[in-house]
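Hi,

Here is the structure I promised to pass on.

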Amino acid sequence: MLIDEYQDLNRCDLSVISAIRDRGVEIFGAGDDDQSIYGFRYAHPEGIRRFDEDHTPASSFTLGTCIRCDRKIIDLALFIANLDPYRLEKPIEPRVGAGDGEVYLLRFSDQLCEAEGVAHLCKYLIGTEGYSPKDILILMRSDRNGVFSSLLREYLDAYSVPVAIQVEGTPLDQGDGRILLSFLRLLVYNGDSLALRTLLMTRENGIGNESFSHIYSLAQNISQNFSNTAHQIIAEPELIPRIGSRISGEIQEILSIIQANKDSFEAANSSLDPRNLLIFLRDLANHVIRENSVKTDVLDYLGMILQETNATDFGTLLRALSSSLENEEQELDSDSVNIMTMHKAKGLTSEAVIVVAAEDEYIPGRQTGEKEGDERRLLYVSLSRARHFLAVTYCDYRKGLQRHTGRTSGQTRRTLTRFLRDAPIRPIDGIRFINSLD
């Protein structure tokens, strides 16, 4: 059994593989602990790090040549990787014939200077260095509501650089779209633990990490899943001292919304008419989505899936949505500079990469412990997408809409990510660098 991207497996995946191995199947795993970046689905680099121990007797085969990056890019990426004291040591050398490459760490005063600098740099790479637009990739940690990509597009347009934004995903990926999808899942599958957990996490209810720690501890103590434990909290809020009543109240609020929509859901689900499904979804959206623009995007997307799949019941629709989300592949615009989030860039290679907003407020942002490790590895993966040219930008201040992003939302001051503060390359003034290109 051949398993690629072994570092992306979570404990459940690893348990299944162990069960298959115990039935006499030989396991061949290919992976790199430095590229374990899917902590949000509970993947952990420990899986590939423990491979030899978990599959004794086992043999390791190390690939030591990087065929993608020039030498200076490898050096910077490895500096970040080596900040993890637990990473597997591995010799990584550039391919035969690789050049030194170009690496720059550019400091700008604010996001306007940064966006214009990035646009100017792209114009230079295309017009002077002979890169084509498709050879340039701009990466960012996140782009909620297009707050970063829209400004970059504005300046790239002003410099007549063709640009394509690839960060949007689907309307069901974030915020109110996730909330609607979770309510639909609970209507279809009563007791869906993941949907209930998503609602508790996503709704504006004041429930944070402490509450979830208590819920999971209780679930372990009473040997129940998340959904059954939640219902137990409703019956006995005192099971969770001090905050049990608040958690109980939020769960009851969620269940009351489900109950209020139950009859119309069942009527639409039994009609075998896609039009009735969409009518119900519109009514549900009116209950749970506040912004009209978001509501329109979500309903348009659901209507498209209904039309493409001819689903006549909500179970079929959910299966279609699951397949659509899981099989979505990143498609780059072949005529443009492409802007995307760091996670979407995994597996890609570009002649030139520009990583923007490399600031501590975003990388690692609010993440601590193991999740901080995910952010460090995500930066490593992002830098190592570049073949010949790499620029990393950051700002001293973010104003306007961008001030309301990151760990210190509302504050303007920003600082370089901790993962680059002692890097082998030093920050240089971004405006001076850009002006020196003319």
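L137 sits in strand 6 (residues 136-140); helices (H or I, at least four residues) and strands (E, at least two) are DSSP runs, numbered from the N terminus. Before going on, note that this is a predicted model, where local features need pLDDT of at least 70, side-chain atom pairs count only at pLDDT 80 or more, and totals for chains, interfaces and linings use all residues. Residues are numbered from 1 along each chain as its sequence is written, and side-chain values use heavy atoms, with hydrogens and water left out.

Is L137 buried or exposed? It's buried, because its relative accessible area is 2% (buried means under 20%, exposed over 50% and partly exposed in between, with a 1.4 Å probe and protein chains only). Setting aside neighbours within four places in sequence, L137 is in contact (heavy atoms within 4.5 Å) with N338, M340, A345, S350, A352, V353 and I354. R50, on the other hand, is 87 residues from L137 in sequence and 34 Å from it in space, C-alpha to C-alpha.

Next, helix 11. How far apart are its end C-alpha atoms? They are 38 Å apart, which agrees with the 39 Å that the 27 residues of helix 11 (residues 244-270) should span at 1.5 Å a residue; the expected span is 1.5 Å times one less than the number of residues. Helix 11 also bends by about 50 degrees at K262, the bend being the angle between axes fitted to the seven residues ending there and the seven starting there. Its buried residues include I247, I251, I254, I258 and F265.

Just after helix 11 comes L272, with a positive phi of about 60 degrees even though L272 is not a glycine. You'll find L272 in the loop between helix 11 and helix 12 (274-288), and L272 counts as exposed because its relative accessible area is 57%. S160 has a positive phi too, near 60 degrees. Its place is the loop between helix 6 (149-158) and strand 7 (163-165), and S160 is exposed, with a relative accessible area of 57%.

Last, the cis peptide bonds. One joins T56 and P57, with omega about -5 degrees; P57 lies in the loop between helix 3 (51-54) and strand 3 (65-66). Another runs from I363 to P364, with omega near 15 degrees, and P364 is in the loop between strand 9 (350-355) and helix 15 (370-383).

Cheers
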